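Q: Could we go through this model together before I start on the figures? I'd like to begin with the overall layout and then move to the packing.

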Amino acid sequence: LTQSGDGGAVPTPISREGFRVLQEAITNAMRHAVGAPTTVSVAAETTRLAITVVNEHGEDVDPQRSSGGRGLAGIAERVRILGGTVTSGPTPDGGFRVHAELPYDGVNG
């Protein structure tokens with residue numbers, strides 16, 4: 001885990017949704033990359049919260065198993081509602097990366 005910036009300065013709605021994005025990304029890594037090293041970066045910047053979760057290649061628990069969650073679609077929806085951006089996809093080494101940026105603009109904390 002790498003943290004930077006002043007987390008206390010992040011507006012409450014951004015902090016709350018950022019936590020949920022982080023929670024879902026880590027859950028996905030645990031489900032789809034069992035035993036793989038995973039890195040998390042949270043940066044409370046001047047105008048935005050940036051979150052990155054990257055896991056190396058791991059073993060899938062059960063690709064047929066449905067979690068009932070909304071996964072990447074849920075992350076994208078949360079970020080979009082707040083005017084942010086999200087990118088996700090496989091890494092060259094067979095892992096997976098999720099990167100979300102949540103701007104503070106227009107949010108009353």
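A: Helices here are DSSP runs of H or I with at least four residues and strands are runs of E with at least two, numbered from the N terminus. On that basis this predicted model has two helices and five strands.

Q: In what order do the elements run from the N terminus on?

A: The order is β-α-β-β-α-β-β.

Q: And how much of the protein is buried?

A: Of the 109 residues in the protein, 38% are buried. As for contacts with a separation of 6 or more, 64% of them are between residues 24 or more positions apart.

Q: OK, the core next. How many residues are in the largest nonpolar core, and which have the most contacts inside it?

A: That core has 18 residues, and Ile14 and Leu49 are the ones with the most contacts inside it. Two or more residues each come from helix 1 (12-32), strand 2 (38-44), strand 3 (48-55), helix 2 (71-81) and strand 5 (96-103), and the largest share, four residues, is given by helix 1.

Q: What is Leu49 in contact with, leaving aside its neighbours in sequence?

A: Once the neighbours within four places are set aside, Leu49 is in contact with Val10, Ile14, Gly18, Val42, Ala43, Ala44, Ala100, Glu101, Leu102 and Tyr104.

Q: Switching to the helices, how do helix 1 and helix 2 pack?

A: Their axes are 10 Å apart and the packing angle is about 165°. Angles over 145 degrees count as roughly antiparallel, and helix 1 and helix 2 are therefore roughly antiparallel to each other. The crossing of helix 1 and helix 2 is left-handed, and the contact involves Glu17, Arg20, Val21, Glu24, Ala25 and Asn28 from helix 1, with Gly71, Leu72, Ile75, Arg78 and Val79 from helix 2.

Q: Which residues of helix 2 are buried, then?

A: Gly71, Gly74, Ile75 and Val79 are buried in helix 2. Viewed down the axis of helix 2, these buried residues fall within an arc of 125°, so they line one face of the helix. The face turned away from that buried side carries the exposed residues Arg80 and Ile81.

Q: And what covers the buried residues of helix 2?

A: The cover includes helix 1, strand 4 (85-90) and strand 5. Just after helix 2, Gly83 takes a positive phi of about 80°.

Q: Staying with strand 4, what does Val86 touch, and how exposed is Val86?

A: Val86, which lies in strand 4, is partly exposed with a relative accessible area of 30%. Not counting residues up to four places away in sequence, Val86 touches Ile75, Ala76, Val79, Val98, His99 and Ala100. Val86 and Ala76 are 10 residues apart in sequence, with their C-alpha atoms 6.1 Å apart in space.

Q: Last one: where does Gly8 sit?

A: Gly8 is in the loop between strand 1 (2-5) and helix 1, and Gly8 is exposed, with a relative accessible area of 72%. Between Gly8 and Ala44 there are 36 residues of separation in sequence and 8.7 Å in space, C-alpha to C-alpha.

Technical notes:
Residues numbered from 1 in each chain as written. Predicted model: local features only at pLDDT ≥ 70, side-chain atom pairs only at ≥ 80, totals over all residues. Heavy atoms only, no water. Core = buried A, V, L, I, M, F, W, Y, C linked by side-chain atoms within 4.5 Å. Buried < 20%, exposed > 50% of the residue type's maximum accessible area, 1.4 Å probe, protein only. Contact = heavy atoms within 4.5 Å. Arc of directions from axis to C-beta. Axes fitted to C-alpha atoms, helices over the stretch in contact; angles between N-to-C directions. Parallel < 35°, antiparallel > 145°, perpendicular 65-115°, else oblique. Left-handed = near helix turned anticlockwise from the far one by under 90°.
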